[in-house]
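Work through the exercises below with the model open beside the text.

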Amino acid sequence: MFMHHVHRTLAVAIPLILMSLLLIACEGGLSAPQPSTPEGEAPPTASASRPALLEVAQSTLPRETVPAVSEPDLSELVAGNNSFALDLYRVLSSSEEGNLILSPYSISLALVMAYGGARGDTRTQMANALHFNLPDERLYAAFNALDLHLASLNQNAPAEGEQPFRLNIANAVWGQIDYPFNTGYLDLLAQNFGAGLYLADFIHDPEASRQTINDWVAEQTEQRIRDLLAPGTISPDTRLVLTNAIYFFGAWASQFEEENTADGPFTLLDGSTVTVPMMNQTGFFFYTQNEGYTAVSLPYEGGQAAMLIIMPAQGQFADFEGAFDAAMLEEVERNLKGGEVILTMPRWEHEAGFSLTDALTQLGMQDAFDPVSADFTGIVEPLGLPPLFISDVIHKAFIKVDEQGTEAAAATAVIMEAASAPAEEPVEIRLDHPFIYFILDNQTHTILFMGRVLNPAE
């Protein structure tokens, strides 16, 4: 287990991802930021944050807060989600240029809410593309259990002098007022995802609806993701928008001293170099080195999560990235060993935004985006109405890595003390050419965020 490799994990990471699925009718220096909470209200919990002044078409059923989920089912869900994460990464990395950042867990969580209303071939294609391998009730219960587990990570009180760890997850569903959504679908959202359906008037005021959703996204991501939905994204034809937001904040268990940061070379894919601020420290880390790659795990304060960086050997990045899959990720984790490391790595900051429609179509989700073939009758029975289809899946993400830790955000409109060992000469690791990184939940191994750094100066 990866968590067994981490002694004290303290993280400053704010990965946020918010994914918005538009299902359209075919007619027409880090210190922990404090969450903003209206006076008199409790802070929002995972998958629960309600916009003000909006009517809610809420199921009468409460969320299942103690889902009956076996360990094999939870492991199967995480394995499937991680396989989808790496499939999606391969597609995006082959088409997107430069650095990359995304939150595959957020994307899976947003898409499973749409999947709950899919039927027929649309459902089969989504299950295959998303690696949903469990029967329906067990799948939704496992998602619920994983979501609740991740929310519980915030309950660990920080030790004296530590910054508070934060991982907040929120779901929101926005539907056209007076539209006949199926009661069973609303029950599914309420019981397993803690999401009510906020009523919006896309038909008569799509711009106000877009602004309301964007404001919710900005609030959930501590203002890191603004204007997720561009003008024109919401139209009078929009009937349903599914959103998920993830906010992550932590600090390195072993922070870099700013006075040890100095400009140094970073080699790009073409062999040229750029000069960037390189952070330096010597400490105990879990790492592995071989002819194909170097990997090192940087724990976050509190032990809940860690950043795993994998740097392929020079000249092998493209081949390594193209072949990298869930089995290789597990192999890297198994090979990690603890020891003294002289660690050098760049600071970087990157923001990205893109549509996932083409990538998801390449992974086999063709019908969901086809106005003729899409079958979402689990959400609403047409009864003379035009059927629903997904018009777009929009994703926007941000990450900042510096001496104190990691800050990341995204949106889609989707620890123990090591036994002492014999003294050895420290290993030197220089992360000075392109690498891939992951932010992982230590207990379940869920990939919360992942990306690559081809040029930290960009």
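**Exercise 1. Find the residues at the centre of the largest nonpolar core, and the element that supplies the largest share of this core.**

Step 1. A nonpolar core is a set of buried Ala, Val, Leu, Ile, Met, Phe, Trp, Tyr and Cys residues joined through side-chain atoms within 4.5 Å. Buried means under 20% relative accessible area, exposed means over 50%, and partly exposed lies in between (1.4 Å probe, protein chains only).

Step 2. In this predicted model, the largest such core has 122 residues, and those touching the most other members are Met126, Phe193, Met307, Leu343, Met345, Phe376 and Phe438.

Step 3. Helix H1 gives the largest share of this core, 10 residues.

Step 4. A separate, second core holds 20 residues, among them Ala170, Ile225, Leu229 and Ile394.

Step 5. Over the whole protein chain, 59% of the 458 residues are buried.

**Exercise 2. Decide which parts of the model can be read in detail.**

Step 1. Residues are numbered from 1 along each chain as its sequence is written. The model is predicted, so local features need pLDDT of at least 70, side-chain atom pairs count only at pLDDT 80 or more, totals for chains, interfaces and linings use all residues, and side-chain values use heavy atoms, with hydrogens and water left out.

Step 2. pLDDT is the predictor's confidence in each residue, from 0 to 100. The protein chain has an average of 82, and 82% of its residues score at least 70.

Step 3. Count the elements: nine helices and 17 strands. Helices (H or I, at least four residues) and strands (E, at least two) are DSSP runs, numbered from the N terminus.

Step 4. Confidence is highest in helix H3 (residues 120-130), with a mean of 97, and lowest in strand E1 (residues 18-25), with a mean of 40.

Step 5. Two stretches stay under 50: residues 1-53, with 273 contacts beyond four places in sequence, and residues 414-422, with 28 such contacts. A contact means heavy atoms within 4.5 Å. Where pLDDT is low, the predicted coordinates should not be read in detail.

**Exercise 3. Locate the partners of the salt bridges formed by Asp87, Arg210 and Arg347.**

Step 1. A salt bridge is a side-chain nitrogen of Lys or Arg within 4 Å of a carboxyl oxygen of Asp or Glu. The whole structure has eight of them.

Step 2. Asp87 pairs with Arg90, their closest N and O atoms lying 2.4 Å apart. Both belong to helix H1 (residues 71-95) and stand three residues apart, about one turn of the helix. Asp87 is buried at 17% relative accessible area, whereas Arg90 is partly exposed at 24%.

Step 3. Arg210 pairs with Glu207 at 2.5 Å, N to O. These two are in helix H6 (residues 206-220), again three residues apart. An α-helix has 3.6 residues a turn, so residues three or four places apart point the same way. Arg210 is buried at 5%, and Glu207 is partly exposed at 36%.

Step 4. Arg347 pairs with Glu403 at 3.0 Å, N to O. Arg347 sits in the loop between strands E11 (337-346) and E12 (348-355), and Glu403 in the loop between strands E13 (388-401) and E14 (405-412), so this pair ties together parts that are 56 residues apart in sequence. Here Arg347 is partly exposed at 32%, and Glu403 is buried at 3%.

**Exercise 4. Describe helix H6 and the residues that follow the helix.**

Step 1. H6 has 15 residues and spans 21 Å from its first C-alpha to its last, close to the 21 Å expected at 1.5 Å a residue. The expected span is 1.5 Å times one less than the number of residues.

Step 2. Its buried residues include Ile213, Trp216 and Val217.

Step 3. After H6 comes Glu222, with a positive phi near 55 degrees. Gln223 also has a positive phi, near 70 degrees, in a residue other than glycine. Gln223 lies in the loop between H6 and E6 and is partly exposed at 38%.

**Exercise 5. How far apart are the C-alpha atoms of Ala408 and Phe398?**

Step 1. Ala408 lies in strand E14 and is buried, at 0% relative accessible area.

Step 2. Phe398 is 10 residues away along the chain, and the two C-alpha atoms are separated by 5.0 Å.
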